[in-house]
Amino acid sequence: MADLFGSPIKIGKYALDLLALRHKLIASNIANVETPGYKSRDVEFKELLNDAVDKNHQDMTLHTTHPHHIRPENSSTRPLIKLEGNSAMRNDFNDVDIDKELSKMTQTAMLYKSIVQGIIGKLSILDNVVKGGRR
Amino acid sequence: MGSLFNSIEISASGLSAQRTRMNVISANIANINTTRTEEGGPYRKKEVVFKAVASSKFDDLLSKSEPVPEKVEVVEIKESRTPFKLIYNPSHPDANEQGYVQMPNIELIEEMVDMLSATRAYEANVTVIGTAKSMINKALEISR
């Protein structure tokens, strides 16, 4: 029971944050579909989430030798935004691929919703436990 | 979820940019035969200039070296410098001694193509807002 609200919800929250950020980047890419010179961007998604899952299983905090030393909290799991690096095939050097962005957006939304559903499921189990199985 | 509201904001900037572009295109098409303007001479084709701007100061501070999500903004509406078309029409009141009239430098087909691409870009932004909305609604179900 030590892990009552533990890792699944924490990882889920982290994944939701990442997916929301990814959606924001897709919104940015689509808004700039006609902006000359704009380069499309994305977040390093899978790698980061794997990191977060690993971190949850083993404590990887930085050790300090003095209580007044600053602990960099979660600094390594800060999302990394990168340029997608599509090859631009347009005269204005804009490399946004609208089809790719839209399909990425659908994927992101589906994943987001399914993770929310997972969290809801986890919470309803907890709810059941709290109420001792009674309704 | 705050990030999702932010993406609605970004798409909204895209909507207003494309709408401005559409306004400029309709002005061009409406003035396709205009031979007199306040500056003198025929109407010049107008073009919008889009620019990507960082979506908020906060994002800037958070990630200085990394690329950040960006809104789109219409920074300028420029006049096209392509030459006017010369049409032979001696009966026109603005014809010169040789009977040629200077007509606006607007190509109807170009405008139509631009209009189509503005419509599509607008629709894409609407779709993004729709998805963000459905994601937010789903997230709200957690609290039920």
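Helices and strands are here runs assigned by DSSP, a helix having at least four residues and a strand at least two, and both are numbered from the N terminus. The model shown in the views below is predicted.

**View 1. Chain A and the order of its elements.** Chain A has three helices and two strands, and from the N terminus on these elements follow one another in the order α-β-α-β-α. Of the 135 residues of chain A, 38% count as buried. Among the contacts in chain A with a separation of 6 or more, 79% are made by residues 24 or more positions apart.

**View 2. Helix 1 of chain A, its length and its surroundings.** Helix 1 of chain A comprises the 25 residues 7–31, which at 1.5 Å a residue should span 36 Å, and this agrees with its end C-alpha atoms, which are 36 Å apart. The helix is mostly covered, since 21 of its 25 residues are buried. A:D17 counts as partly exposed, at 37% relative accessibility.

**View 3. A:T108 in helix 3 of chain A.** A:T108 is found in helix 3 of chain A, which covers residues 98–130. With a relative accessibility of 0%, A:T108 counts as buried. Leaving aside residues up to four places away in sequence, A:T108 touches A:L19, A:R22, A:H23 and A:I26, and also B:M135 of chain B. The side chains of A:T108 and A:R22 are joined by a polar contact of 3.5 Å. A:R22 also belongs to a network of salt bridges that links it with A:D42, A:E84, A:K100, A:E101 and A:K104. As a further point of reference, A:K82 is 26 residues from A:T108 along the chain, and the C-alpha atoms of the two are separated by 17 Å.

View 4. Most residues other than glycine have a negative phi. The phi of A:F93, however, is positive, near 60°. A:F93 counts as exposed, at 56% relative accessibility. A second detail of this view is the salt bridge in which the side chains of A:D92 and A:R90 meet, at 3.2 Å from N to O. A:D92 is partly exposed, with a relative accessible area of 22%, and A:R90 is also partly exposed, with a value of 29%.

**View 5. The interface of chain B and chain A.** In this view 38 residues of chain B are in contact with 34 residues of chain A. The area buried between the two chains is about 2,800 Å², and carbon and sulfur atoms give 66% of it. Two salt bridges are counted between chain B and chain A, and A:E34 forms a salt bridge with B:R21 in which the closest N and O atoms are 3.9 Å apart. Across this interface there are also eight residue pairs in polar contact. On the side of chain B that touches chain A, at least two residues each come from helix 1 (2–30), strand 1 (46–54), helix 2 (57–62), strand 2 (70–79) and helix 3 (108–140) of chain B. Helix 3 of chain B gives the most to this side, with twelve residues. By class, the side of chain B that touches chain A has 17 nonpolar, 13 polar and eight charged residues.

**View 6. B:T35 in a loop of chain B.** B:T35 lies in the loop that runs between helix 1 and strand 1 of chain B. With a relative accessible area of 14%, B:T35 is buried, as this value is under 20%. A polar contact of 2.8 Å joins its side chain to that of B:D94. Apart from residues up to four places away in sequence, the residues that B:T35 touches are B:G41, B:P42, B:H92, B:D94, B:V101, B:Q102 and B:M103.

**View 7. A salt bridge between B:E141 and B:K138.** The side chains of B:E141 and B:K138 meet in a salt bridge of 3.2 Å, N to O. B:E141 is partly exposed, with a relative accessible area of 29%, whereas B:K138 counts as buried, at 14% relative accessibility.

Notes. Residues are numbered from 1 along each chain as its sequence is written. Chains are lettered from A and ligands numbered from 1 in the order in which they are written. This is a predicted model: local features need pLDDT of at least 70, side-chain atom pairs count only at pLDDT 80 or more; totals for chains, interfaces and linings use all residues. Side-chain values use heavy atoms; hydrogens and water are left out. Contact means heavy atoms within 4.5 Å. Buried area is the accessible area (1.4 Å probe) that two parts lose on being put together, summed over both. A salt bridge is a side-chain nitrogen of Lys or Arg within 4 Å of a carboxyl oxygen of Asp or Glu. A polar contact is a pair of N or O atoms within 3.5 Å; within protein, one must be able to donate a hydrogen and the other to accept it, and residues adjacent in sequence count only if both atoms are side-chain atoms. Ala, Val, Leu, Ile, Met, Phe, Trp, Tyr, Cys and Pro count as nonpolar, Asp, Glu, Lys and Arg as charged, and the others, Gly among them, as polar. The expected span of a helix is 1.5 Å times one less than its number of residues. Buried means under 20% relative accessible area, exposed over 50%, partly exposed in between (1.4 Å probe, protein chains only).
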